[in-house]
Amino acid sequence: MNQDYIIADEWSILEKGFDKENVTASESIFSIGNGYMGQRANFEETYSGETFQGSYIGGIYYPDKTRVGWWKNGYPEYFAKVLNAPNWIGIDVKINRRSLDLSQCKVNDFERKLNMKGGVLTRSFTAELSGGEQIKVCVTRFLSLNFNELGVIKYDITPLNFDGEIEYIPYIDAGIMNEDANYDEFFWEILRFEEEKNEAYILSKTLKTEFHVCTGMKIEFLLNDYFIELPYETHKEDKKIAFNYKTDVKKGDTFSICKYGGYTQSMNHPKEELIFALEKLLQKASIIGFYDLLQKQKDAWKKIWETADVVIDGDIKAQQAIRFNIFHLNQTYLGEDSRLNIGPKGFTGEKYGGSTYWDTEAYCIPFYMSTKDKNVAKNLLLYRYHQLDKAIENAEKLGFKNGAALYPMVTMNGEECHNEWEITFEEIHRNGAMIYAIYNYVNYTGDYSYIPQYGMEVMIAVSRFWHQRATFSKAKDQYVILGVTGPNEYENNINNNFYTNYLAKWTIDYTLKNLEILKEDYPDDFERIIQKTHLNQLELDEWNKVSNGLYFPYSDEYEVYLQQDNFLDKELISTDKLPASERPINQKWSWDRILRSVYIKQADVLQGVYFFENHFKQKSIERHFNFYEPFTVHESSLSPCVHSILAAKINKMNKAYEMYLRTSRLDLDDYNHEVHEGLHITSMAGTWLSIVQGFGGMRNFNDKLSFAPQIPKEWKSYSFKINYRGRTLKVFKDHKGCKFTNESDKPINIFIHGKDFKVAPKTMIEL
Ligand code: BGC
């Protein structure tokens, strides 16, 4: 059974009624973020029930000592952990000296709402404490898009049936541990406390990585919306500081605390100025005030939605889901800082270490490229460019030479920090995604200058890796790539994974082709790059041999490329024969059984067919899809979206829709029974792709922007916008036809169902 307590609504995520069972799931689903920092939707007040407290700051990590059963040479020394940061949201509440704790009192009319339109989290309820006191509570919280180091909370309490004492105990607590610490160690050192009138700051630094972080709070009070001043007592513990305010409140009056909080950190400020910078910010916030900050927050989100929104008419759950996905992507990454990236769980949990995976290149870049200015995608590419030296070191550690680069499967700073051999050493397909992303960016934005300026160095280093990683097989008289894991992690140490081999060949060919272009059109850059990389003709000839002689496993019987050598030795039993009680197989089966089975975790050959769809004829796409999808269990969040897109391409709209629902509501309905650990942020980009590339049929091959819109029968219409080379194009589709509106003041050329159209500025064409 999937969960179903989230109420369908177009613009918000809504939960009504308090159920302790849902607390950790909701903490993930209602998470908030602003690209710089993010946090789970933990309650501000004490909660003694099951909870997963989490607050994270982009880029702040700790190299936790590796823990593996059997050490293998080449393993990274550490597994980077995104750090659970000090808590600045805490506000303990006492009513007539009794603690408010939703797990211990009667709760009525509980409503939690994530307003996606405005980027605001609210919660309201009435509670009855053990002394019979009833209170109404309303809480508003947001992480500011305008001041990215700032978070704001307004917490209102109205006594409903009594006059009595209300105590607010706001605090900051730097004694936070990571849930996923390998050796239960505390990763922070507390350096300094500072406190003055209604403000407190704790300066701490991370062990080993020495990131300095200042966490702060500034407190104000309102009675029926008028400011009041209150005396307070300070309580200091070794890692925590709290202020204790109390006052008598009359029945029906609303007593509110405003807490301005957040973090400054040493990636953005000199360490010695962190406290001062946060003081200045919190004071500024208090001058602007809660209501104006809230309005600014809504205005900033409005701007994001102007290009990012997808409107679906006739299916409220689908509408809610796509906005949920777009919303969380924007909460995680906004593209202003090329040192940051998109962790698979964003700021919503610790699993996957908040680190960067190939998910960014394969899934997220197209989303950001189409919904934001091209510099956002460029920053994501530059992130890898700046880590090229580390990727070269990473390859050297494994025995590669001459500037060959292996980008890490998991990283925070460019170093590999995943330590399962089948992933670290074998899942090398990720290296190809780096180059595919460059190609995709240049192709979509038309910004070719990226290649001479940055891209070519990465392309050369990765081509060197593929050349060295290939082995010449005398038996086959061809080059082979041995001992890999493809995207399907349910197979390890296989030979000649089609997807990996295809990317390897394509990377070399693409690099060679662009070297020719640079030689002709960018001779200065060409010279500079040749000098820097010491590339010579002999080496290029060697690359050519590998590319021309690479082997691809193929089945004449099924007329499909095989996922790997000997794939057909497996017992070909499709997933419809797999009882629901045995799924997900990664939780129900032994690993041994998984490895021997035909079941595929996620798109593998089909990932290649998706990337290089223009290399395959329609019939061949159909054959590959029809062969592989029945064996696919979609147990990676990255799987359903690719299948949805390909299913739409081959006119299997029911399948495309089924896969769309699965990708878009993966977390809202908790398909994989793991939402309490955090959300699947990177696959959310895949959800967006399922609409735009899947149903909308958008493609961008060979400098042509094309569409082939279709619509699921369950919907009345849908529309989306894309930013393409400085133009905004709106695409609308219903059951009668489709409309394309060029909202910009430059013309745009598009192909619709293969026919060529020029859409003049500010005009619409209808078909
Ligand atoms: C998938 C990988 C992916 C990772 C992070 C794994 O389950 O198999 O392809 O990179 O999750 O999303």
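Before the first example, we need one term: a polar contact is a pair of N or O atoms within 3.5 Å. Please keep in mind throughout that this is a predicted model.

With that cut-off in hand, we can look at Trp-358, where a polar side-chain atom lies 2.9 Å from an oxygen atom of the ligand. In the side chain of Asp-359, an N or O atom is 2.5 Å from a ligand oxygen, and for the side chain of Lys-601 the corresponding distance to an oxygen atom of the ligand is 2.8 Å. Taken alone, the ligand exposes 300 Å², and the protein buries 95% of that.

Which residues surround the ligand? Among them are Pro-344, Tyr-352, Glu-489, Gln-602, Ser-636 and Leu-638, and by class the shell holds five nonpolar, two polar and three charged residues. The space that the ligand takes is the largest pocket.

Let me finish with the aromatic rings, for which the count comes to 70 pairs. In one of these, the rings of Phe-627 and Phe-631 have centres 5.6 Å apart and planes at 85°, so the pair is edge-to-face. Both Phe-627 and Phe-631 are buried.

Technical notes:
Residues numbered from 1 in each chain as written. Predicted model: local features only at pLDDT ≥ 70, side-chain atom pairs only at ≥ 80, totals over all residues. Heavy atoms only, no water. Near = heavy atom within 4 Å. Polar contact = N/O pair within 3.5 Å; in protein donor to acceptor, adjacent residues only side chain to side chain. Areas by Shrake-Rupley, 256 points an atom, 1.4 Å probe, with all protein chains shown as cover. 1 Å grid on protein atoms, 1.4 Å probe; cavity = no way out; pocket = protein on both sides within 12 Å on 5 of 7 lines; lining within 4 Å. Sits in = over half its atoms within 2 Å of the grid points. Nonpolar A, V, L, I, M, F, W, Y, C, P; charged D, E, K, R; others polar. Phe/Tyr/Trp six-rings, centres within 6.5 Å; stacked < 30°, edge-to-face > 60°. Buried < 20%, exposed > 50% of the residue type's maximum accessible area, 1.4 Å probe, protein only.
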